[in-house]
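Subject: Structure handover, salt bridges

Hello,

Here is the structure for your files. My notes on its charged pairs follow.

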Amino acid sequence: KKDDPLPLREKAEPTSGEGKANSLPTSLTSMIGRDYESARLRKLILDPEIRLVTVLGPPGVGKTCLALNVAGKVLSAFEHGVVFVDLTTVHEPQFLLSAIALALGIPESSRTAVEEAVKSALSDKNLLLVLDNFEQIVDAAPKLLPLFGNAPEIKMLITSREVLRLRGEQEFHLEPLPVPLQNGKNSMEQLIDIPSVSLFIERAQAVKPEFKLDEKNASHIAEICSRLDGLPLAIELAAARTRTMSPAAMLEQFNRRFDWLSQGARDLPGWRQTLLGAVEWSATLLNERERMLFHRLSIFSGGWTLAAAEQVCSDDAICLQSEIFSLLIHLMDKSLVIPEDENGHYSFLETLREFAFEGLRKSEDYESLRRRHFEYYLNFVKTAKPHIREGKDSVVWLLRMENEYNNLRLAMAWVVESPERAGLAMDFGTNIHIFWLTRSYIREARYWLARFLALDPAPSAVRANLLRFASDYASSQGEYAQAQAFEEEAMSISKAMGDEAGIYYSLDGMAMMAGVQGDYAKAAELLEKVLIYRRQKDDLVLLTATLNNLAIATRRLGNLERAKQLFSEAAQINRQSENLKSLTHALHGLADVTLQQGNFQDALKLYQECILIRIQLGDLKGLSQALNALAMMVEQMGNELLAVKLEGAAARLRQEIGTQIPTATRGENQEFLRRLREKLGEKKFESTWFDGQTTSQKQLVDLVNEIALENKE
């Protein structure tokens, strides 16, 4: 929240006089991108109710830089100035007060009773003490409290990677610098204003004055800043390398970044001259159990939940399952783990994960942890499948799967490493398919299914199912010959095994193949047989899928009343079971039939409901189809501009997920676009098409709602 309610106290004019201290180290570089944090921290320090502020954050985030910058700005507010206490070389808690005494200039002879000497020196002072790098002696924190007792006008500003946990402590959590958007859609003008990029450019120009942001290096610099998590230390070290490496070369060597992100300023402590040193500094401060969990958590990609950490990372010796949560809290207190949201998801900065993972990969636990990671996420997808397939809480589980998808990829990468894991791989594919299908992960599904199927060519029921899935995805991308081959192999396996359910699955798939290629009569013939079988079985999900598919073929054959009956039956079943994905197919079909019957208002309502649910589900393939249908409808209503915009949005979605308009309807879509170009003219068509291509999903929701409102009777 950027609107801090506390007004910043007017800064007094600089004063000078005997006894006014200023032992702050001199900085020869500017602080970039921290104006807001600087203002907030100044307000806290100048708040009369606050005596102790701790700046917290991960290694390399810039805690010291911010503290020094702010201390310099509030210097005039303290009658006796600011005293800097560098704790870098202090490794034992008992030496904290001696370090403070040294900074205060207390004579060596007075340090036999060091606490009393420090108290006495501070008692009549209006002073700010800046204590830097407190994390290594955090157990000494209680020694600070007595110093405040006889010194009512003393304040302390502390930098630490770990919270001190003192009464009256005001925590100030410093986040990494903002980084460019991951999708690469920042313009050159936008990039230069992003703090992490600005820092990179300024520090690069310090070693190479002619360096500048241009079209050639912009995307590389943006990616470097993002992959370095916006950590100022890492970015400064990378920028300094422009003396000998181009940004493109840095990215090529990014997996070795701990090697070349080194040789920082010589006047800095050794551990701050390299990225590796900064991270190692934090790791060495962990106890054995914390360090073990820190490394083991790196087995996760993109974060983890507490349940995942407890199942995957625990053992019966050092990391007991019952203690994982408390150890996790310790790592958060030490700024090594980030709590991502209120739903209990945690993560590392990628730089920290890479360091921890390097240590884990060399340990004897690595292979067993990879297997346990896979087993956990296999159980996860098995649990998620019925929730997504059968509706009700499908949106919740789709989001959970999305949040864990990096871990799911990692699990799949492990399982395909060995043919001996073929059974596990196929089991995983069987269960994750419903997520791929619903979220239109078509390219990804084809990639992994190909690898799963290659592990073991032996005929089996599970292989036949994966072949049918692969057929659907190949068909979505217009590769009908490949899709047909998959379907025929699956049918052959099912017939050989006498698998009745599998045979009807393949009949359904072959009907779909016929339909997308325009042979609606064959599709209807096959689906009528499948429907009889489906009505005998207690699986409403498969029944409604067949009802919808047969209704599509029936409508295309001209029997609108039968099609409407089939779609309506599917819609009724889906509303009762709350199966949202299947419901959207029925709604879309009903809208198509209603439109053909000339009822524009009811058709529009059905398209609207369908589109809004598909956006909610993240069903991009279905969304592109619904937008295409709605575009054709609004053209019939006389709004060519809106038709072009909607079809532009639909085309962008098809491009994103890699699907094509089926052969059966490609001709009518081409004719639709030809009419629009003719009516609007090339220039108007292209500008409106671009508007559609750049329309966000939120804007689509608003647009669809506006269309419905404008055409409401």
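Buried means under 20% relative accessible area, exposed over 50%, and partly exposed in between (1.4 Å probe, protein chains only). By that scale Lys125 is partly exposed, with a relative accessible area of 27%. Asp124 counts as exposed, at 55% relative accessibility.

The model is predicted: local features need pLDDT of at least 70, side-chain atom pairs count only at pLDDT 80 or more, and totals for chains, interfaces and linings use all residues. Residues are numbered from 1 along each chain as its sequence is written, and side-chain values use heavy atoms, with hydrogens and water left out.

Now the pairs. A salt bridge here is a side-chain nitrogen of Lys or Arg within 4 Å of a carboxyl oxygen of Asp or Glu. The structure holds 43 of them. Asp124 and Lys125 form one, with the closest N and O atoms 3.4 Å apart.

Glu323 and Arg289 form another, at 2.5 Å from N to O. Glu323 sits in the loop between α14 (306-313) and α15 (324-333), and Arg289 in helix α13 (residues 288-296), so the pair ties together parts 34 residues apart in sequence. Helices are DSSP runs (H or I, at least four residues), numbered from the N terminus. Glu323 is partly exposed at 24%, and Arg289 is partly exposed at 29%.

Glu668 pairs with Arg556, the closest N and O atoms being 3.2 Å apart.

Last, a network of salt bridges links Glu635, Glu640, Arg675 and Lys679.

Best wishes

Methods. Helix = DSSP H or I, 4+ residues; strand = E, 2+ residues; numbered from the N terminus.
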